[in-house]
Amino acid sequence: MRVEAKVLLGLGLFFGLMCAVYWNWSLENAGGVMMFAGMLLCFLPGSYYYWWSRRMRARPEDDPNATQGQGAGFVGTFPGTSIWPFTLGMGAFFVVLALVFGIWFLVPGLGLVVWALLGGTAEGRRGGKY
Amino acid sequence: MTDLLDPPVQLPPVPPAHEAIEEHGHDEHHGPTGILKWITTTDHKVIGLSYTITSVIMLVIGGAFAEILRAQLATPNGTLVSFAQYNELFTMHGSVMIYLFAGPFAFGALANIMVPIQIGAPDMAFPRLNALSYWLYLTGAITMLSGFFTAGGAANFGWVAYAPLSNSVNTPGAGADLWIGGLLLTGFSAIFTGVNLCATIFYLRAPGMTMFRMPIFTWNMLVTAILILLAFPVLTAGLIMLYCDRHFGTHIFSVQGGGVPVLWQHIFWFWGHPEVYILALPFFGMATEILAVFSRKPVFGYKGMVFATLSIAALSLGVWAHHMFTTGVVLLPFFSIMSLLIAVPTGIKIFNWIGTMWRGEIWFSTAMLMAIGFVVTFLIGGLTGIYLASPPLDFFTHDTYFVVAHFHSVVMALVLAGMGALYYWGPKITGYLLNERIGKLQFWFLFIGTQVFTFPLYILGLEGMPRRVAVYPHDPQWKFLNDLSTFGAVLIGVSTILFVVNVAVSWKRYPAGDNPWDAQTLEWFTTSPPPHHNFYRLPQIRSERPTWDYNHPEHRSLGHGTHPEEHHDEVSSS
Ligand code: HEM
Ligand SMILES: [Cu+2]
């Protein structure tokens, strides 16, 4: 976990420095704000990883001498097939078409989105099918 | 040798390994088939394949637009298309190539398939989110392209949609809104893929696959994913503002209402320049893998490569306004210095690519030729980019064909690397090799075509020919240079046709076997194509070349000290 944290914290630190120099020198706000947000976006997950990396033992993937046996067992649930991403995608499609062709496209659009969210959540609880 | 192979990993859905190999064919999986399989799959390899096919179709569509543009410019007063159509075509050419081909081809297609396999993971971290990414990409592409079927035609404000040209007075009509909508969809698709890649690389690596043992391609995809997460939300926000200006009467980008047109450029390029690296880094990674494998050596300066990638990412957030030098309102010295600094890590990379080939046992396969072609072409694009980073030179060349030539050297280098990756990884994905003779022919057409296409444009640019024009003054030299460029474009077109022909000719013809190139990284350890959830067993991972170590115990990367010529950076852990 430690390298992961360092990558993000390092990038965030650099963005912070760059932002300080740029903002003070140019007094231009749009870029300054965006750079500052970029820094935060790195610090947020970076500090979370760092916090954890100090409180947990090295995972097998962080251990240069790990054997494959150490990784055996449960990795996670991977749903084999699911219709909900497609449903959600089509819903998003219709929502975007509503931006162009008129508000009534929102009816199928939001309908599909809500249906997919409900269906997908329920499927997630059941653990999906393989 | 057996000490390198542990008992099979038990990834949940894979039945005990060995029976599985015998009982089923390679990719067999109990589930829906046919179109329903395509619609409901969450397997990263199937999704990645859909991405591959869709994005290559986008390359062909974008390429067809380009050929029409070049045909129009073959004569000074071309009449093939009207001015309005020319505007639509260059806009959609740029948009299709950048938004719908290069990015999705890199992170949706190849990274999606290869990153989990390269690190020994059973799938992406969020398989259903991965499927959603594809549907958003596909519908986004359809949305953007459908502009051609509306009364007013497709978007025509350039792929950068500068305000105030892109407002509702100057560009009314559905085409522009479809462009915005399509970008919203593909933007979210990219963000979700970025999330997925980060989570996969952080949490699903196989035991022993420490960060500094990941293949360079995976490293580059991690950095790309971080850049996606930093950059794309800015674009999405900008597009929503643009839409509000067009339809809800806000004045964010219009002077009349107290807005600031140049704010759009700040927002667009704050996404746009990192996007350049979002496009480039994956292809750097592909080329790195290919160069190492076909030089039969480890990557030269592995850690230097990783740090170069990270510093490119770090700097890329501070250079956006080099696209805005001529607006007169940006801090020239800051952006010039930052842009020039990027040349340093990029130079390190070029140096390392050459170092990787240096005194290697080079095997000039199609993939290798493409990768070498990439290095050469990218060097040309990179060097001309250094000129443009200098404001006085940019004032002179901005909005001329010099810029078009510069970025086409870069993007055509990416196409070369991408083609190389298809020849290199295609056999892993499909189980079949492509024909090498047609492949080499394709390479020469693509490589020579690229140079013939771009070189005249450099000269035309320096002589002042503006970009985005459908006609130009009668001048024998300009006509000659434009004809030459069009000829180069035709050669590139032929190369694309040769690729399609090659796929047809080689269809299920040349079985590849698991490791046709005697390659180094983990994806070559599993079967071609890999089974559902990717691995029946994994080798012990003790270096960044686990497959090589397993196949060449006498030349293991892990035997530090025993083989001085194999000695490279000490691999370290977190
Ligand atoms: C088949 C090879 C290609 C040819 C012949 C070609 C040709 C052209 C031409 C003629 C233009 C318009 C120049 C103008 O009128 O200003 C153009 C613009 C552009 N091309 Fe390409 N191109 C090719 C490949 C690519 C690729 C692979 C990419 C990106 C991945 C790309 C990205 C762009 C962009 C972003 C623009 C600018 C569009 C604009 O001005 O808004 N091109 N290209
Ligand atoms: Cu840039």
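In this predicted model, 14 residues line the largest cavity, and B:Glu289, B:Val299, B:Gln520, B:Thr521 and B:Glu544 lie nearest its centre. The space inside the largest cavity is about 110 Å³. By class, its lining holds nine nonpolar, two polar and three charged residues. Helix 8 of chain B (residues 261-295) gives the most to this lining, with three residues. In total, four cavities of 30 Å³ or more were counted.

The second largest cavity holds about 90 Å³ of space. Its lining comprises 13 residues, and B:Tyr99, B:Pro104, B:Phe107, B:Thr186 and B:Ala190 are the closest to its centre. Helix 4 (83-118) and helix 6 (174-203) of chain B each contribute at least two lining residues. The largest share, five residues, is that of helix 4 of chain B. Eight residues of the lining are nonpolar, four are polar and one is charged.

Helix 6 of chain B was also examined for length and burial. Its 30 residues should span 44 Å at 1.5 Å a residue, and the end C-alpha atoms are 43 Å apart, which agrees. Helix 6 of chain B is mostly covered, with 25 of its 30 residues buried.

The iron atom of ligand 1 is coordinated at 2.0 Å by NE2 of B:His93 and NE2 of B:His408. The site is octahedral, with angles of 88 to 179° among its six donor atoms. B:His93 lies in helix 4 and B:His408 in helix 13 (residues 401-430) of chain B, so the pair ties together parts that are 315 residues apart in sequence. For reference, ideal angles for six octahedral donors are 90 or 180 degrees. B:His93 counts as buried because its relative accessibility is 14%, under the 20% limit. B:His408 counts as buried too, at 12% relative accessibility.

B:His273 is buried, at 5% relative accessibility. B:His323 is partly exposed, with a relative accessible area of 21%.

Helix 9 of chain B is mostly covered, and eleven of its 15 residues are buried. Among them are B:Tyr302, B:Met305, B:Val306, B:Leu310 and B:Ser316.

Helix 2 (34-40), helix 3 (44-72), helix 13, strand 1 (432-433) and helix 15 (476-506) of chain B each supply at least two residues of the lining. Helix 3 of chain B provides the largest share, nine residues. The lining divides by class into 20 nonpolar, six polar and four charged residues.

B:Ala163 and B:Pro164 are joined by a cis peptide bond, with omega about 0°. B:Pro164 lies in the loop between helix 5 (127-145) and helix 6 of chain B. A cis bond also runs from B:Ser528 to B:Pro529, with omega near -10°. B:Pro529 is placed in the loop between strand 2 (510-511) and helix 16 (546-551) of chain B.

Positive phi values occur at A:Leu27, about 55°, and at B:Arg359, near 55°. Neither residue is a glycine. A:Leu27 is found in the loop between helix 1 (2-26) and helix 2 (29-53) of chain A. B:Arg359 lies in the loop between helix 10 and helix 11 (366-388) of chain B. A:Leu27 is exposed, with a relative accessible area of 67%. B:Arg359 counts as exposed at 77% relative accessibility.

Technical notes:
Residues are numbered from 1 along each chain as its sequence is written. Chains are lettered from A and ligands numbered from 1 in the order in which they are written. This is a predicted model: local features need pLDDT of at least 70, side-chain atom pairs count only at pLDDT 80 or more; totals for chains, interfaces and linings use all residues. Side-chain values use heavy atoms; hydrogens and water are left out. On a 1 Å grid over the protein atoms alone, a cavity is a set of points where a 1.4 Å probe fits but cannot get out, and a pocket is an open set with protein on both sides within 12 Å along at least five of seven lines; lining residues have an atom within 4 Å of a point. Grid points are joined across faces, edges and corners, and a volume is the space filled by probe spheres set on the points. Helices (H or I, at least four residues) and strands (E, at least two) are DSSP runs, numbered from the N terminus. Ala, Val, Leu, Ile, Met, Phe, Trp, Tyr, Cys and Pro count as nonpolar, Asp, Glu, Lys and Arg as charged, and the others, Gly among them, as polar. The expected span of a helix is 1.5 Å times one less than its number of residues. Buried means under 20% relative accessible area, exposed over 50%, partly exposed in between (1.4 Å probe, protein chains only). Donors are N, O and S atoms within 2.8 Å of the metal (3.2 Å for Na, K and Ca); water is not among the atoms, so sites may look incomplete. Four donors count as tetrahedral if all angles lie between 85 and 135 degrees; four count as square planar and six as octahedral if opposite donors are over 155 degrees apart and all others between 65 and 115; anything else is irregular.
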